[in-house]
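Here are my notes on the model you sent.

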Amino acid sequence: MIDQNAVSLDKLLNSIMDQGLSHNRQLVSYTKQIQPFNPLSVLELGKEEDRFFWKRNDNCLYLVGIGNLIELVFDRVNYQKIHEEWNALVDKAIVHNPYPVPGTGLLSFGGIAFDDRREPSTLWKNFSASQFRVPKFLFIKYNDAYYLTINFIVHAHINSDLLVQNIQQKEQQLLQDLSGLPPLGTILKEEEMDIAKWLQSIENAKQTIQNHLAEKIVLARELRLKLSSTGEMSTVVKRLIETQPKSYVFAFEQGDECFLGATPERLIRLEDDQLESMCLAGTAPRGETDMADEQVRHELLNDKKNREEHDFVVQMIRRAIERYCVDIRIPDTPTVFPLKNLQHLYTPVTAQLKRDYHIFDLVEQLHPTPALGGTPKEIALAFIRKHEPLDRGWYGAPIGWVDHRNNGEFAVAIRSGLIQSNAASLFAGCGIVKDSEVEAEYEETKIKFLPMLHVLGGK
Ligand SMILES: C=C(O[C@@H]1C=C(C(=O)O)C=C[C@H]1O)C(=O)O
Ligand SMILES: [Mg+2]
């Protein structure tokens, strides 16, 4: 049922203008419930402007952001500064959102570089060290309810009628019927970048671990693709949703480039002070038959090397959140989380956030977990900076959103790629521990490329 008593946009705007503005230019965020829409067609119809997309792993929440109204851009990663600027923006805004639904209303969506101390390469030149965007239009699907948040700037001399008319026109355009999404081509070429150097870095990591300087180091590599045509964001997103139903699907467009992926890994979800994180590390392929699959699952659960790889993550996440949370619940033993191409060891984490802390405090504590960095964190990061022949950019780092009520969620941006017109870079990494074997780790990254390779037209 759509709320029949909702305040209309022109009524809201009139009352704002009647009351007078408290700032020269003021951000207004207006949310209403709307008729069902197809998130993918909105995404496609919004292609004239920069877009973002988010699907939660449980498929309850979809976000489609169109346009870039305000962007908080930083050339370093400073979580306290991001939080302060976001808070200041929310404080000054006029937010009309009668719906107590996470993800509705004033929201910013963005990403963070894996390591802002690494020398940046040209690959990621269009993405900042951290970047959070308030869209012009945000379409939200939460369970079976559909919402639209419209954000805009007003000032004393604005022509309200014209503003409302323009907004309504754009809204109608974005909600048109669409018969299909653009086609995708094929992959013309695949190149494993710096492969010899990467294999050598695994040997070096093993040596470092054997010398007791570190316990775990995660190393990633790049697969560079040439595509027969532009990697269309909406079509790739659609295929990711279809093929990875248990993953988060995320996409952030920046001009003619788009960083996107389907990741199973949550860094943090915060809803009404309830925190959820997860430990996901330790990997095996899927079996060909049910019986073989069950066998692989059993072996993974009992494999010493993978259990060790996993345990570093459990220990670190517990330590990272202890100061900030009460009622921390983490089971003693992992279970197996199966995906289309592979399966992981998985331990869920829940807790309650203490008062006065916010989501960026927790992101700062958690990133990078030893699922993407290593143990000890600073030594692993220094090793990666020095030896890994790759600028990770936003790969392996937090990507997600925060809303005006301080709900938010960040996933770890793995199983991902950066599409640059008709080229793309895919990324995959693996956790090196003392019992790692180079060949097996190489194979593991090969499987981790498959979800992205598949949706881009590979076999
Ligand atoms: C680094 C990646 O994945 C991470 C590494 C894993 C492992 O080494 O077992 C498993 C899950 C992820 O935490 C990736 O997919 O690129
Ligand atoms: Mg592994």
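Two residues are said to be in contact here if their C-beta atoms, placed from the backbone, lie within 7 Å. The model is a predicted one.

1. Under "binding site", an unreviewed UniProt entry lists Glu 309 and Glu 444. The two span 136 residues in sequence, yet no two of their C-alpha atoms are more than 13.6 Å apart, so they gather at one spot.

2. Glu 309. This residue belongs to helix α8, residues 304–322. Glu 309 counts as buried because it has 25 C-beta neighbours inside 10 Å. Apart from its neighbours within four places in sequence, Glu 309 is in contact with Lys 216, Ala 281, Gly 282, Gly 431 and Val 433.

3. Glu 444. Its place is in helix α11. Glu 444 has 18 C-beta neighbours inside 10 Å and therefore counts as partly exposed. With neighbours within four places in sequence left aside, Glu 444 is in contact with Thr 283 and Cys 430.

4. Ligand 1. The ligand is surrounded by 18 residues, and the closest are Thr 283, Ala 371, Ile 414, Gly 429 and Gly 431. Sorted by class, the shell has 9 nonpolar, 5 polar and 4 charged residues. Thr 283, among the closest residues to the ligand, is also a contact of Glu 444. Gly 431, likewise among the closest, is a contact of Glu 309.

5. From an unreviewed entry, UniProt places "domain: Chorismate-utilising enzyme C-terminal" at residues 197–448. The span is 34% helix and 37% strand, and its end C-alpha atoms lie 19 Å apart.

6. Helix α5. This helix covers residues 195–210, and its 16 residues reach 23 Å from first C-alpha to last, close to the 22 Å expected at 1.5 Å a residue. Which of its residues are buried? They are Trp 198, Ser 201, Ile 202, Ala 205 and Ile 209. Seen down the axis of α5, the buried residues fall within an arc of 105°, so they line one face of the helix. The face turned away from that side carries the exposed residues Ala 196, Gln 207 and Gln 210. The buried residues of α5 pack against β11, α10 (377–387), β23 and α11. After the helix comes His 212, whose phi is positive, near 65°.

7. Helix α6. Residues 233–243 form a helix that is mostly covered, with 8 of its 11 residues buried. The buried residues are Met 233, Ser 234, Thr 235, Val 236, Val 237, Lys 238, Arg 239 and Leu 240. Their cover includes α2 (39–45), β2 (51–55), β12 (248–254), β13 (257–263) and α11.

8. Leu 63. This residue lies in strand β3, residues 61–66. Leu 63 counts as buried because 26 C-beta neighbours lie inside 10 Å. The C-alpha atoms of Leu 63 and Phe 52 are separated by 7.9 Å, although the two residues are 11 residues apart along the chain. Leaving aside neighbours within four places in sequence, Leu 63 is in contact with Phe 53, Trp 54, Gly 103, Phe 109, Leu 138, Ile 140 and Trp 401.

Key:
Residues numbered from 1 in each chain as written. Chains lettered and ligands numbered in written order. Predicted model: local features only at pLDDT ≥ 70, side-chain atom pairs only at ≥ 80, totals over all residues. UniProt positions renumbered as here; feature names shortened; annotations may be inferred. Helix = DSSP H or I, 4+ residues; strand = E, 2+ residues; numbered from the N terminus. Near = placed C-beta within 6 Å. Nonpolar A, V, L, I, M, F, W, Y, C, P; charged D, E, K, R; others polar. Expected span 1.5 Å × (residues − 1). Buried ≥ 20, exposed ≤ 12 C-beta atoms within 10 Å, placed from the backbone. Arc of directions from axis to C-beta.
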